Amino acid sequence: MTYSELTDSGVLRLKEEGFTEARTDVRQILMYVGGMNLAELLFDGAKEVPKEQELHFWKLLEQRMRHMPVQYMTGEQEFCGLKFRIRPGVLIPRPETELLAEEVFKRSAGKRVLDLCTGSGCIAVTVSKLGAPEFTAASDVSETALRTAEENAALNGADITFFQGDLFETVTGEYDIIVSNPPYIKTGVINGLMPEVKEFEPHLALDGGEDGLVFYRRICKEAKKFLRQNGRLMFEIGHDQGREVSDLLESENYREIEIKKDYAGLDRMVFAVWPDKNKENKDV
């Protein structure tokens, strides 16, 4: 069987099971199995597929038919043009989070940046590599996530200081920018998510409590001890959380609160500034 024939056979199988991105999924799996990029896959379409590769392809396709995300099979995901290692137990970086990373690295020159709930490290690594921060740090409660983030920092040559703990639990220092894409899905909604998410991605990185705002409340309150004067707090949010997160920031006396939208025109980010020069600083 040739690469083109194997591609078509795989696409047919996935379409029969109702997968809407069948060709993309098949190509990603086949590129991984064959150790090639898309141009090579298309150019070599008439070539015979080695038997070992074909068997590996069908094994992975069966996993995809059970809704395992392709990223967990291939162990990688691109984010802002950089390559990231991904493993089960770590949230897969989303395209919309690239917008947040871009907003941070555009403001990062000469700044101290902290990424809370770093997961794979995609935001922290992107800021360190594509921005010009003075110092970049990242924190996560998950040992698996933090180990993955450390690997991604090494993979991309990013200089990042890591803290393992619950939000600010082990964090030291003060920062000009604190960015976070925290868990924000309501607990009762998770079981209604697509199988790829609810059955395979870590609920620890998804569950934002009964109203989805648990982590925003904590970060808004605790971040003030770690922000420099006029330091900026930058969140990713759920599409329906713009007003609620803005109200939380206002109640904690942040200023210059701004809601920004994603490419689909949905609320996706909230930014705010902490202006209080008389705040009580945390000993570091």
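Two residues are taken to be in contact when heavy atoms of the one lie within 4.5 Å of heavy atoms of the other. On that basis, and with the caution that this is a predicted model, 65% of the contacts in the chain with a separation of 6 or more are accounted for by residues 24 or more positions apart.

The overall dimensions can be read in two ways. Along the principal axes, the C-alpha atoms fill a box of roughly 70 × 40 × 30 Å. The radius of gyration is 21 Å, which agrees with the value near 19 Å that a compact globule of 284 residues would have. Buried residues make up 50% of the 284 residues, and the chain exposes about 13,700 Å², of which carbon and sulfur atoms supply 47%.

Helix α7, which spans residues 122-130, is largely enclosed by the rest of the structure, because seven of its nine residues are buried. The buried residues in α7 are C122, I123, A124, V125, T126, V127 and S128.

Leaving aside residues up to four places away in sequence, Q164 touches D140, V141, S142, E143, L146 and T170. One of these, V141, is 23 residues from Q164 along the chain, yet the C-alpha atoms of Q164 and V141 are separated by 5.4 Å.

The charged residues come next. The chain carries 36 positive and 49 negative charges, and the mean positions of the two sets are 3 Å apart. Side chains of opposite charge can pair when their charged atoms come close, and a search of the whole structure finds 19 salt bridges.

Which parts of the chain does the salt bridge between R64 and D25 tie together? The side chains of R64 and D25 meet at 3.0 Å, N to O. R64 lies in helix α4 (residues 51-65) and D25 in helix α2 (residues 22-34), so the pair ties together parts that are 39 residues apart in sequence. Both R64 and D25 are buried, and a network of salt bridges links D25, R64 and E196.

R218 and E222 both lie in helix α10 (residues 214-222), four residues apart, or about one turn of the helix. An α-helix has 3.6 residues a turn, so residues three or four places apart point the same way. R218 is partly exposed, with a relative accessible area of 26%, and E222 counts as partly exposed at 24% relative accessibility.

Key. Residues numbered from 1 in each chain as written. Predicted model: local features only at pLDDT ≥ 70, side-chain atom pairs only at ≥ 80, totals over all residues. Heavy atoms only, no water. Rg over C-alpha atoms; globule rule 2.2 N^0.38 Å. Buried < 20%, exposed > 50% of the residue type's maximum accessible area, 1.4 Å probe, protein only. Areas by Shrake-Rupley, 256 points an atom, 1.4 Å probe, with all protein chains shown as cover. Lys, Arg positive; Asp, Glu negative; His and termini not counted. Charge placed at Lys NZ, Arg CZ, Asp CG, Glu CD. Helix = DSSP H or I, 4+ residues; strand = E, 2+ residues; numbered from the N terminus. Salt bridge = Lys/Arg side-chain N within 4 Å of Asp/Glu carboxyl O.
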